[in-house]
Amino acid sequence: MTTNTLKTVLLLGLLSGLFLLGGEAFGGEQGLYIGLALAALMNFGSYFFSDKIALAMYRAQPVTETENPEVYRRVGPIVENLARRMELPMPKLYMIPDESPNAFATGRNPKHSSVAFTFGILRLMSDNELEGVIAHELGHVLHRDILISSIAATLAGAITMVARMAFWFGGAQRDDDNRGGAMGGIVMLIVAPIAAMLIQMAISRSREFDADAASAKYVGSPYPLIGGLQKLETWSKRIPMDASPATAHMFIIKPFTGQTFMRLFSTHPSTEDRIARLQAIR
C-alpha cells in the first residue's frame, strides 16, 4: 500500500468516525444509525465525486472546443503539450468566474483529473507564466496527490457541517439530558475548526515543493513558475477570493480572503521559500 493510499484510507476512516460520533452525540442510538448511513454515503461521495463538489463550489465552467472556445484556444494547447511530456491523459479543463488569480487540480486519479483556473489568472499571466502554473497543477496529478486533496476538502466541510448540526440539535434531541446535549454541541462547534486544521495540516507541505519542481522539470526552466508565483502573491492580496477554508489547500497559492480564520487551514509553504527552492534548480 502506497503512502497516498494509506492516507486516503485514514481520511475516509476519520470521516466515518466523525459521522458515527456526531450522530450518537445528538441522536443517541437512532442518531448512530443515521451517522452510519451518512458515513457510507459520504465515503462513496468523497471518493467518486469530491472533485465535482469542489468544482461546483466555485461555479467552475467547462472549457472545451465548444464551451468557452476562446479560453480553450489559449490554454488547451499548453495543457496538451505538458500532458504529453508528463505522459498523462488530457485532463478536463474548467474556468472559475473569479477575478482573483488562482488555480487548482482535482480528481481521483490521472484518468479522472481536472484542472481549474480563475478568469483572473488568465488576465494576469503571460503564456509562459501560465505554462509554469499549469505544469505545477499537472505535477499534483502526476504525483497522485489530488485524491487526498479532494477528500480532505470534503472531510473538512463535513466536520463543519456535523459541528453545526450538533450545536443546533444536540440539546433538542435529548429530553433527558438537554443541558449535556447542548454542551456537547458547543464543544463540537469549538473542536471542529481545530480538527479541520489538523486534517489540512496532514496534507504534507512538501507536495507544493514537489509540484513546483515538476513544473521546472517539464517546462524546462523554473522561471515561468517563479514569475507566476510572484504575480499570484501580489495580486491575490489585491483581489481577495471568496474561498472556503476547507478547500484552501487545493489552490496553487493560499487564497487571500482577509479572514484571520483562513490562516488556521494553511498548508502552503511561504511563497518566498518556494521561489528560493526554484531559483536553486539548475
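This is a predicted model: local features need pLDDT of at least 70, side-chain atom pairs count only at pLDDT 80 or more; totals for chains, interfaces and linings use all residues.
Which residues of helix 2 are buried? They are Val71, Tyr72, Val75, Gly76, Ile78, Val79, Leu82, Ala83 and Met86. Here is a handy bit of background: an α-helix has 3.6 residues a turn, so residues three or four places apart point the same way.

Helix 2 is built from 18 residues, and from its first C-alpha to its last it reaches 25 Å. That is close to the 26 Å expected at 1.5 Å a residue. Even so, there is a kink of about 40 degrees at Val75, shortly before the proline Pro77.

## The whole chain

Now step back and look at the overall layout. The protein chain has nine helices and four strands. Going along the sequence, they come in the pattern α-β-α-β-β-β-α-α-α-α-α-α-α.

How much of the chain is buried? Of its 282 residues, 50% are. And take the contacts in the chain with a separation of 6 or more: 69% of them are between residues 24 or more positions apart.

In soluble globular proteins, nonpolar side chains tend to be buried together. In this model, the largest nonpolar core holds 38 residues. Its members that touch the most others are Val75, Phe117, Ile121, Leu122, Val133, Leu138 and Leu232. Helix 2 gives the most to this core, with eight residues. There is also a second, separate core of 13 residues, and Ala54, Ile96, Phe104 and Met250 are among them.

Ignoring neighbours within four places in sequence, Ile121 is in contact with Pro101, Asn102, Ala103, Leu130, Val133 and Leu232.

## The sheet

Next, the strands. Strands of a sheet pair through backbone hydrogen bonds, either parallel or antiparallel. Here, four strands make an open sheet in the order 1-2-4-3, and the pairing is mixed. Strand 1 (61-62) and strand 3 (103-107) sit at the edges, each pairing on one side only.

Strands 3 and 4 run antiparallel and are joined by five bridges. Two pairs to look for are Phe104 with Ala116 and Gly107 with Ser113. The link from strand 3 to strand 4 is a hairpin through five residues.

Asn102 is in the loop between strand 2 and strand 3. Why does Asn102 count as buried? Because its relative accessibility is 0%, and buried means under 20%. Not counting residues up to four places away in sequence, Asn102 touches Phe117, Thr118, Ile121, Leu232, Met241, Phe251, Ile252, Ile253, Lys254 and Pro255.

Asp145 also belongs to a loop, the one between helix 4 and helix 5 (146-169). At 8% relative accessibility, Asp145 counts as buried too. Its side chain makes a polar contact with the side chain of His140, at 3.2 Å. Leu142, on the other hand, lies in helix 4. Leu142 has a relative accessible area of 27%, so this residue is partly exposed. Leaving aside neighbours within four places in sequence, Leu142 is in contact with Met86, Leu88 and Tyr218. The C-alpha atoms of Leu142 and Ala211 are separated by 8.7 Å, although these residues are 69 apart along the chain.

Notes
Residues are numbered from 1 along each chain as its sequence is written. Side-chain values use heavy atoms; hydrogens and water are left out. A nonpolar core is a set of buried Ala, Val, Leu, Ile, Met, Phe, Trp, Tyr and Cys residues joined through side-chain atoms within 4.5 Å. Buried means under 20% relative accessible area, exposed over 50%, partly exposed in between (1.4 Å probe, protein chains only). Contact means heavy atoms within 4.5 Å. The expected span of a helix is 1.5 Å times one less than its number of residues. The bend at a residue is the angle between axes fitted to the seven residues ending there and the seven starting there. A polar contact is a pair of N or O atoms within 3.5 Å; within protein, one must be able to donate a hydrogen and the other to accept it, and residues adjacent in sequence count only if both atoms are side-chain atoms. Two strands pair if DSSP finds at least two bridges between them.
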